[in-house]
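Here is a brief report on one protein model.

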Amino acid sequence: MDRRSLLLGASGLAAGLAAPAIVQAQAAYPSRPVRLVVPWPPGQATDLMARVTASKIAETWGQPIVPENRAGAAGMIGTDLVAKAAPDGYTVLAASTGPFTTAPLVQRTPYDVNRDFAPVAQIGISPYVLIVRKDFPAQTAQEFVARVRAEPGKYSYATSGIGAAAHLITLMFLSKAKLDALHVPFQGSGPGLTAVTAGQVDFAIETLVATSALFRQGAVRALGVTLKDGTELQPDLMPLARLPGVEGYDAGAFGGYMVPAATPRPIIERLAAETQKALATEEVRSRLAQIGFQPQFRNTADFTTFLARHRDEFREVIQANNIRVDG
């Protein structure tokens with residue numbers, strides 16, 4: 001037997017021995033603690049969403065899922081950390097709309113969302129709510145549209161910043177409703193909502209979790225929700241998609257799990273299945289509702305399809321309004 005044949009035989013033998021080892025490692029997953037990277041500070045909505053669900057999954061696995069907050073650069077630092085992690089299933093990203101969908105469309109990011117990540121499962125969606133200052137001259141969403149449309153450029157709206165999810169979701173609504181209003185960007189949703197509460201800005205479209213306490217206390221008025229089917233978390237809020245001309249409007253911020261690209265498929269499938277089981281429990285659904293996050297499971301295939309559509313919708317409004325965060 002010549003040298004070449006010996007080498008080929010040896011490599012074939014090595015591959016044959018390695019394959020069962022890989023399968024065995026995947027079957028034993030997880031055999032040690034899993035790191036859950038949250039690219040936001042503790043207590044933020046994505047952080048709470050990911051922790052609540054992971055806690056239930058960890059109970060089933062018998063292995064801890066350890067949250068690690070790596071905040072900074074509007075979620076891009078922690079997201080990039082996962083993009084460059086080993087694709088072995090032991091580093092999971094708490095993914096959300098900002099760093100994954102909107103940021104790459106308006107600025108340079110150190111990661112490529114199509115190349116560097118594998119979607120696992122969607123956990124849920126964060127509804128956004130149209131609120132107005134408490135003395136705004138409209139009591140319903142229909143009256144709001146009529147009033148703003150009748151006086152183009154007169155009324156102002158607050159957002160958490162240029163290119164932020166709230167900004168783009170608001171622009172989607174204004175475009176569909178054919179409304180012209182003045183944008184007043186703030187450094188975060190808190191200052192923007194404070195301005196609406198104080199009557200300095202006329203309206204905003206922000207997350208349910210950020211606005212609910214304000215409208216329940218009467219500091220502002222809530223006129224509608226951005227999800228086309230409404231939200232079980234606040235069923236009295238009318239879907240804005242019911243307004244004439246606004247049909248099809250369906251916007252919110254997702255939350256879910258992703259892993260580095262090239263993570264073995266069986267590991268992705270196992271994590272997705274465990275996520276679905278966790279979301280089927282009343283305990284997890286109730287805790288998510290408490291933070292204003294609507295449970296809405298999507299498996300890997302459906303989540304991947306949703307992400308592509310989600311990105312296209314945001315790209316359209318970004319291009320139509322020529323939005324950029326950097327040059």
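Which residues does Thr207 touch, not counting residues up to four places away in sequence? In this predicted model, Thr207 touches Ser126, Pro127 and Tyr128. Thr207 belongs to strand 7, residues 203-207. Thr207 counts as buried because its relative accessibility is 12%, and the cut-off for buried is under 20%.

## Overall fold

The protein has twelve helices and ten strands. Its C-alpha trace spans about 90 × 45 × 35 Å along the principal axes. Of the 327 residues, 51% are buried.

Among contacts with a separation of 6 or more, 79% join residues 24 or more positions apart.

Strand 1 (residues 34-38) pairs with strand 2 (residues 65-69). The pairing is parallel and runs over five bridges. One of the bridge partners can be named: Val34 pairs with Ile65 in strand 2.

Ala45 lies in helix 2. Ala45 counts as partly exposed because its relative accessibility is 27%. Ala45 and Ser175 are 130 residues apart along the chain. Their C-alpha atoms are separated by 27 Å.

## Helix 7 against helix 12

Two numbers describe a packed helix pair: the angle between the axes and the distance between them. Helix 7 covers residues 165-177, and helix 12 covers residues 300-320. Their axes come within 10 Å and cross at roughly 80 degrees. Helix 7 is therefore roughly perpendicular to helix 12.

Helix 7 contributes Ala165, Leu168, Ile169, Leu171 and Met172 to the contact. Helix 12 contributes Glu313, Phe314, Val317 and Ile318. These residues divide into eight nonpolar, no polar and one charged.

Is His310 buried or exposed? His310 is buried, because its relative accessible area is 4% and the cut-off for buried is under 20%. Leaving aside neighbours within four places in sequence, His310 is in contact with Thr97, Thr101, Gly252 and Phe254.

Thr97 and Thr101 are among the buried residues of helix 4. Helix 4 (residues 97-106) is mostly covered, with eight of its ten residues buried. Thr102 is another of the buried residues in helix 4. His310 and Thr102 are 208 residues apart in sequence, yet 9.4 Å apart in space, C-alpha to C-alpha.

## Backbone geometry

Most residues other than glycine have a negative phi, and most peptide bonds are trans.

Tyr29 and Pro30 are joined by a cis peptide bond, with omega about -5 degrees. Pro30 sits in the loop between helix 1 (3-27) and strand 1.

Ala73 has a positive phi, near 55 degrees, although it is a residue other than glycine. Ala74 is not a glycine either, and its phi is positive at about 55 degrees. Ala73 is in the loop between strand 2 and helix 3 (76-83). Ala74 is found in the loop between strand 2 and helix 3. Ala73 counts as partly exposed because its relative accessibility is 44%.

Conventions
Residues are numbered from 1 along each chain as its sequence is written. This is a predicted model: local features need pLDDT of at least 70, side-chain atom pairs count only at pLDDT 80 or more; totals for chains, interfaces and linings use all residues. Side-chain values use heavy atoms; hydrogens and water are left out. Axes are lines fitted to C-alpha atoms, for helices over the stretch in contact, and angles run from 0 to 180 degrees between N-to-C directions. Helices (H or I, at least four residues) and strands (E, at least two) are DSSP runs, numbered from the N terminus. Angles under 35 degrees count as roughly parallel, over 145 as roughly antiparallel, 65 to 115 as roughly perpendicular and the rest as oblique. Contact means heavy atoms within 4.5 Å. Ala, Val, Leu, Ile, Met, Phe, Trp, Tyr, Cys and Pro count as nonpolar, Asp, Glu, Lys and Arg as charged, and the others, Gly among them, as polar. Two strands pair if DSSP finds at least two bridges between them. Buried means under 20% relative accessible area, exposed over 50%, partly exposed in between (1.4 Å probe, protein chains only).
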